[in-house]
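Welcome, and please open the model in your viewer.

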Amino acid sequence: SGFNSIGHMDTMSRGRHQIGHYKEGEEFIQNVFHVLSQIFTGKEKSNLAICWLQYEISKVIQCLQAKKKKKLKAQGRKSKKLAKNFLKAPDNRNNLSLWKLYAYLEWLLGNTDDSRKVFDTALCTAGAGGLKSAQLCSLSLLYAQLEVELLESIEGAVMSRAVHILTKLTENGPYVPYSGQVLPVNVLKARKTYEHALEDYLSETPVSDQDQVKDTDQLVSLVGCYALFQYLTVGIDAAVLIYTQASEKLEVSGSQKCENTGENSGILNFPTALEAVTLLHTNLLRFHMKISVYPLNPLREALTEALKRYPSNQSLWRSYIHIQRKSHSASKARRFFDSVTRSTNSLEPWLFAIQAEQMRKKLIEKVQRADVGEIHCTIPETGLTNRIVALFEHAVQSENGTHCPLLWRMYLNFMV
């Protein structure tokens, strides 16, 4: 095609072929990882291993999305071999973040039972840190989330493996794998423990910035675990209440810190915690709507509020576009995109506004080209085309848009 790219540009498709990882780019990235792993030692080396494994997982996800079974098998073998080699290293044997990624990799590859064994092994070896350990909370949260996704409905979820995981996390004792039932008394005890732990976290103020970074990760995982626990044992409203309380508290502490310290660098971690909590909140609402009947409005409101605050969060934009596709009126979404692009310099709102219109155009063309007896309707949808061109024009005139190769390529691609 006349140019090589490093990594991948999965936003553009060429004919039937999705643009994936180029061979040259892939070799370059692998070489960088190999060279760095020989230079780094200790904690840096472990962090590099985590990045490397995350990169491998992104490729597995890409194969899953493109539905390429052969490629997925080969990629899965390579990624698993790498993960096992990392975990064999003495420094990494107790690194819960690596265990978590390895278990997630197995789950993505469809090996649910193997993945559960890895999760259980990691939880058994992690010791009894309970809710005080950020890594343990994060590991339990992912395990529980994956288990919840297998549920067909929320009826009888109290006896599920997910509730067992979240209950065991509060007990501060050694982890015992799931045996098929959860005692009601343990559920009640766990609820009290979560309640107190969250109150303690939200009321105390971290001493140093370093503590604060650790605390924000810990807080996000704790809120996630507690809300998921409430969702499975009480219902969606109870879970939403936890997210609302945590968000309100984080907003207050954020604004207070700003007043006290002027421009304090530590405060930057609070918005990230708030953003992460918002993401968990919207994802849970989306999941709940998938498995049961629930109004769209709470999710739409949560997303619009969040996007005004975090206009460059791609996951939130994806969710927003996904729910807007269900509505027949585009005007509300257009007004919202317009207001966000006016109030921020980030490029994401432009890119997603363009993507939303392109999806709408595709849908309309598909409907218009449908066979209606003898008539084949082929009137081009010029209104949308002009609208998309206008969006591209405005986007490339913005300061960040002028320097964004992806935007220019998308524009050229569309014009062709």
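## First stop: Gln 30

Select Gln 30: leaving out residues up to four places away in sequence, it touches Trp 52, Tyr 55, Glu 56 and Lys 59, where contact means heavy atoms within 4.5 Å. Gln 30 is found in helix α1, residues 23-39. Helices (H or I, at least four residues) and strands (E, at least two) are DSSP runs, numbered from the N terminus. Is Gln 30 buried or exposed? Gln 30 counts as buried because its relative accessibility is 18%; buried means under 20% relative accessible area, exposed over 50%, and partly exposed in between, with a 1.4 Å probe and protein chains only.

Before moving on, please note that this is a predicted model, in which local features need pLDDT of at least 70 and side-chain atom pairs count only at pLDDT 80 or more, while totals for chains, interfaces and linings use all residues. Residues are numbered from 1 along each chain as its sequence is written, and side-chain values use heavy atoms, with hydrogens and water left out.

## Zoom out

Now show the whole protein as a cartoon. Its secondary structure comes to 18 helices and two strands. Of its 416 residues, 44% count as buried. Among contacts with a separation of 6 or more, 58% are between residues 24 or more positions apart.

## Into the core

Next, select Tyr 194, Leu 228, Leu 232 and Leu 407, the residues with the most contacts inside the largest nonpolar core, which has 109 residues. Helix α9 (residues 209-233) gives this core its largest share, eleven residues. A nonpolar core is a set of buried Ala, Val, Leu, Ile, Met, Phe, Trp, Tyr and Cys residues joined through side-chain atoms within 4.5 Å. In soluble globular proteins, nonpolar side chains tend to be buried together.

Stay with Leu 407 for a moment. Apart from neighbours within four places in sequence, Leu 407 is in contact with Leu 347, Leu 351, Ile 354, Phe 392, Ala 395, Val 396 and Gly 401.

## Ile 323 and its partners

Select Ile 323 in helix α13, residues 314-324. Ile 323 counts as buried because its relative accessibility is 3%. Not counting residues up to four places away in sequence, Ile 323 touches Leu 296, Leu 299, Arg 300 and Leu 303.

## Two loops

Which loop holds Lys 67? Lys 67 lies between α2 (42-66) and α3 (69-88). Although not a glycine, Lys 67 has a positive phi of about 55°. Lys 67 counts as exposed because its relative accessibility is 73%.

Now go to Asn 172, in the loop between α7 (161-169) and α8 (184-203). Asn 172 is not a glycine, yet has a positive phi of about 55°. With 47% relative accessibility, Asn 172 counts as partly exposed.

For the cavity, select Leu 136, Lys 168, Leu 169, Gly 173 and Tyr 175, the closest to its centre of the 13 residues that line it. The largest cavity has a volume of about 110 Å³. A cavity is a set of points, on a 1 Å grid over the protein atoms alone, where a 1.4 Å probe fits but cannot get out; lining residues have an atom within 4 Å of a point. The volume is the space filled by probe spheres set on the points, which are joined across faces, edges and corners. Helix α7 supplies the largest share of the lining, three residues.

How values were computed:
On a 1 Å grid over the protein atoms alone, a cavity is a set of points where a 1.4 Å probe fits but cannot get out, and a pocket is an open set with protein on both sides within 12 Å along at least five of seven lines; lining residues have an atom within 4 Å of a point.
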